[in-house]
Amino acid sequence: MSTPPTPPSGPGHAWPPPSPQPGWGPPPGYGQPHPEQRLNGFALASLLVGLLCLPPLGIVFGIVALVQIARQRQRGRALAIVGLAVSVVMTGAMVFTVDRLASAVRDRMDSVGGYADVEGDLRDLDDLRAGDCFNVPGGDLLADRPLTYRIDCAEPHHGEVTASKLVEPAGAPESAEADRASEDECWKAQDAYAMDTWALPASAEMFYFAPSRQSWRQGDRRLVCVIGTTAEERRGSLRQDAGSLKPEQSAFLRVANEVEFVLGRPPAGDLEDTLPEHQAWARSVYAALGHEAKVLEADRTRPGLEKAVAAQLGEIEAARAAWQRTSQAKTAAEFDRQWDRSLRAMSVETEKALRGAYGLATEVPEWLAESPEGPGNGPGREPSAQAA
C-alpha cells in the first residue's frame with residue numbers, strides 16, 4: 001500500500017497550489033451581460049405588407065423571417081408567424097375577390113359584345129313605358145334585369161310593356177307576398193291592355209320585373225309588366241284596350257276578365273289551413289259573377305245578342321248559387337265538393353257563343369281548354385312567368 005508523501009515540516013512550508021490546466025476557466029465574457037437580440041425586419045414587414053398592400057409578398061417575407069430568426073437567433077418568431085398567417089388569409093381573400101370581379105367583367109363583356117347585333121336602341125328597363133316593344137339578348141326574359149332594346153312594334157320583338165308603375169311595399173322585396181302582389185298588378189294591367197284575352201297568341205306569357213332586395217334599398221320602386229312572345233317571332237302590337245273596342249265589347253270584357261282573374265287566383269296554402277280565406281275567395285267569385293250578370297242584363301235586348309246573353313245569364317245564375325253554397329261550407333271537405341260543383345256550373349261553349357255574338361275572338365285559349373276541371377284547376381290562367 002502506498003502512502004502520500006509527507007509534507008515539508010517547518011514554518012512556511014506547504015504544498016504549492018496546482019498549476020492551471022489548459023482549457024479551464026470561465027468562457028469569454030462570463031459574468032458580463034448578453035448583448036440585446038435584434039428584431040428581424042422581415043417579420044414586421046410580413047405583417048405590414050400582408051395586411052395593408054401585397055399579401056403574396058407578405059408570405060415571402062414571413063418565410064424569410066422564420067429562416068433568418070432560426071439561423072441568427074433573432075427576435076420576432078411570433079410576429080413572423082402572425083404575419084405569415086395574415087398574408088395567407090389576405091391572399092385567399094384577394095384571389096376570391098379578383099376572380100369574382102373578373103367573372104363579372106367577362107359576363108358583362110359577353111352580354112354586350114355577344115349581343116351587339118340585337119335590334120333596337122338600348123334603353124334602361126325602367127325607362128320603358130306602356131306600349132313600348134323591345135328585344136332582349138337571346139330572347140331571355142327571365143334574366144335578372146336584362147338589357148332591353150326598344151324597337152318599333154311593327155318589327156320583330158320579344159316583349160311589349162303593358163304597364164310601368166311605382167308600387168307601394170307589399171311585404172319584403174322578393175317575398176311571397178311581394179311576388180303575388182306584383183303578379184296581381186300585372187295580370188290586371190295585361191287585362192286592361194289586351195282586353196280580349198282569347199285573342200292573345202298561344203306563345204304570349206306574362207312577365208314582371210319587380211324591385212329586388214338590393215334595388216329596393218337603393219330607392220327602386222318601379223314595377224314593369226310585360227307580355228312576352230319569345231317562343232316565336234312576333235310583329236305588331238297586342239294592344240287592344242277600351243279605346244280600340246266598341247263600348248259594349250269593352251264593357252263585357254271588363255267584367256268577364258274580372259271573373260277570369262278572380263277564378264284564377266285562389267288563396268295559397270292548404271285548404272284545411274286556409275278555409276276562411278277560401279270562403280272569402282268564393283264570395284269574391286260570387287260578386288264578380290254578379291257584375292257580369294248586371295252588364296249582360298243591359299245587353300239582353302241588343303240585336304244579335306239576345307240568345308247568347310240569355311244562355312250565359314242562365315248559367316251565371318246557377319253558378320252564383322253554387323258559389324254562395326261554397327262560401328258557406330263549414331268544413332274543408334264540404335268546400336272541396338262545392339268548389340267542384342261551382343266550376344262545372346258554367347261551360348266554355350256557352351261563353352264561346354257569347355263572345356262570337358259580341359264580335360270577339362272565339363278560339364278557346366290553351367290555358368282554358370287544357371285546364372282539368374276540379375278544385376283549383378278550373379277556368380283561370382296559369383301562374384305568370386317571373387323575373388325579379
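**Exercise 1.** Work out which residue of strand E3 is the bridge partner of Phe-134, and how many bridges join strand E2 to strand E3.

*Solution.* Strand E2 (residues 133–135) and strand E3 (residues 148–151) run antiparallel and are joined by 3 bridges, where strands are DSSP runs (E, at least two residues) numbered from the N terminus, and two strands pair if DSSP finds at least two bridges between them. Within E3, Arg-150 is the bridge partner of Phe-134. The model is predicted, with local features needing pLDDT of at least 70 and side-chain atom pairs counting only at pLDDT 80 or more, while totals for chains, interfaces and linings use all residues. Residues are numbered from 1 along each chain as its sequence is written, and side-chain values use heavy atoms, leaving out hydrogens and water.

**Exercise 2.** Find the order of the strands in the open sheet, and explain why one side of E1 and of E5 has no neighbour in the sheet.

*Solution.* The open sheet is formed by 6 strands with antiparallel pairing, in the order E1-E3-E2-E4-E6-E5. Strand E1 (121–123) and strand E5 (205–209) stand at the edges and each has a single partner strand, so one side of each is left without a neighbour in the sheet.

**Exercise 3.** Identify the residues with the most contacts inside the largest nonpolar core, and the element that gives the largest share of this core.

*Solution.* A nonpolar core is a set of buried (under 20% relative accessible area, 1.4 Å probe, protein chains only) Ala, Val, Leu, Ile, Met, Phe, Trp, Tyr and Cys residues joined through side-chain atoms within 4.5 Å. The largest has 43 residues, and those with the most contacts inside it are Phe-252, Leu-296, Trp-323, Phe-335 and Tyr-358. Helix H7 gives the largest share of this core, 8 residues.

Terms used
Helices (H or I, at least four residues) and strands (E, at least two) are DSSP runs, numbered from the N terminus. Buried means under 20% relative accessible area, exposed over 50%, partly exposed in between (1.4 Å probe, protein chains only).
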